[in-house]
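Reader: I'd like to learn how to read a few features off a model. Could you walk me through them one at a time?

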Amino acid sequence: MERSQMAQGYYNHISGTQNATSAGVIDISDWYPRPPDSTIAIMKDEGIDISKHFVKQIKPEMLLGIHRIYVFCEPETCPWFLRLNAIQARYHHIDDPYEQPLPVVIKIRDTIHEFVNSLLLS
């Protein structure tokens with residue numbers, strides 16, 4: 001979940017819009033309602049506040065009107081309705097930062113930053 005929260009933060013910050021939203025492929029919002037404090041802190045280091053972001057699971061209705069979906073995990077871990085939207089979905093593996101040491105999470109954050117920059121520059 002942290003990956004999508006960071007990507008949403010970067011996309012909206014860099015683009016100056018609120019066009020990006022994030023959701024995960026599994027529902028963990030009962031135990032993990034928002035990004036961890038450490039992730040919020042390293043994004044604040046980048047000048048981006050994700051403290052108000054909430055973790056949510058992707059639902060079929062969220063795909064309505066969406067032009068492109070970027071997925072950071074493997075297709076086989078995604079729900080059926082997301083795999084059916086192959087035209088919209090773009091898979092790009094980025095390691096999951098969940099319970100990783102802070103230096104690893106920072107490296108993942110930087111990878112997400114580079115990925116979002118490449119999207120906006122293309």
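Author: We'll go through a helix, the cores, the cysteines, the salt bridges and one backbone angle. Keep in mind that this is a predicted model.

Reader: Let's start with helix 1, residues 2-15: what span should its 14 residues have?

Author: Count 1.5 Å a residue, and helix 1 should span 20 Å; its end C-alpha atoms are 20 Å apart, so the two agree.

Reader: How many of the residues of helix 1 are buried?

Author: Of its 14 residues, 10 are buried, so helix 1 is largely enclosed by the rest of the structure. Among them are Met6, Ala7 and Tyr10, but also Glu2, Arg3 and Asn12. The cover over these buried residues includes helix 2 (37-44) and helix 4 (102-121).

Reader: What should I expect of nonpolar side chains?

Author: In soluble globular proteins, they tend to be buried together. Here the largest nonpolar core has 13 residues, and Tyr10, Met43, Ile94 and Ile112 have the most contacts inside it. At least two residues of this core come from each of helix 1, helix 2 and helix 4. Helix 4 gives the most, with four residues.

Reader: Which residues does methionine 43 touch, leaving out those up to four places away in sequence?

Author: Methionine 43 touches Met6, Tyr10, Ile48, Ile50 and Arg109. There's also a second, separate core of nine residues, including Ile58, Leu63, Cys73 and Cys78.

Reader: Is cysteine 73 buried or exposed? And cysteine 78?

Author: Cysteine 73 has 13% relative accessibility, so it counts as buried. Cysteine 78, at 4%, counts as buried too.

Reader: On to charges. What can side chains of opposite charge do?

Author: They can pair when their charged atoms come close. In this structure the count comes to three salt bridges. In one of them, aspartate 37 meets arginine 34, at 2.6 Å from N to O. Aspartate 37 counts as exposed because its relative accessibility is 55%, while arginine 34, at 32%, counts as partly exposed.

Reader: Which residue forms a salt bridge with glutamate 46?

Author: That's arginine 109, with the closest N and O atoms 3.8 Å apart. Arginine 109 lies in helix 4 and glutamate 46 in the loop between helix 2 and strand 1 (69-71), so the pair ties together parts that are 63 residues apart in sequence. Arginine 109 counts as buried, at 8% relative accessibility, whereas glutamate 46 is partly exposed at 30%.

Arginine 109 also meets aspartate 110 in a salt bridge, at 2.9 Å from N to O. Aspartate 110 is partly exposed, with 30% relative accessibility. Through shared partners, salt bridges join Glu46, Arg109 and Asp110 into one network.

Reader: Last, the backbone. What is phi of glutamate 99?

Author: Phi of glutamate 99 is near 60°, a positive value in a residue other than glycine. Glutamate 99 sits in the loop between strand 2 (89-91) and helix 4. With 67% relative accessibility, glutamate 99 counts as exposed.

Key. Residues are numbered from 1 along each chain as its sequence is written. This is a predicted model: local features need pLDDT of at least 70, side-chain atom pairs count only at pLDDT 80 or more; totals for chains, interfaces and linings use all residues. Side-chain values use heavy atoms; hydrogens and water are left out. The expected span of a helix is 1.5 Å times one less than its number of residues. Buried means under 20% relative accessible area, exposed over 50%, partly exposed in between (1.4 Å probe, protein chains only). Contact means heavy atoms within 4.5 Å. A nonpolar core is a set of buried Ala, Val, Leu, Ile, Met, Phe, Trp, Tyr and Cys residues joined through side-chain atoms within 4.5 Å. A salt bridge is a side-chain nitrogen of Lys or Arg within 4 Å of a carboxyl oxygen of Asp or Glu.
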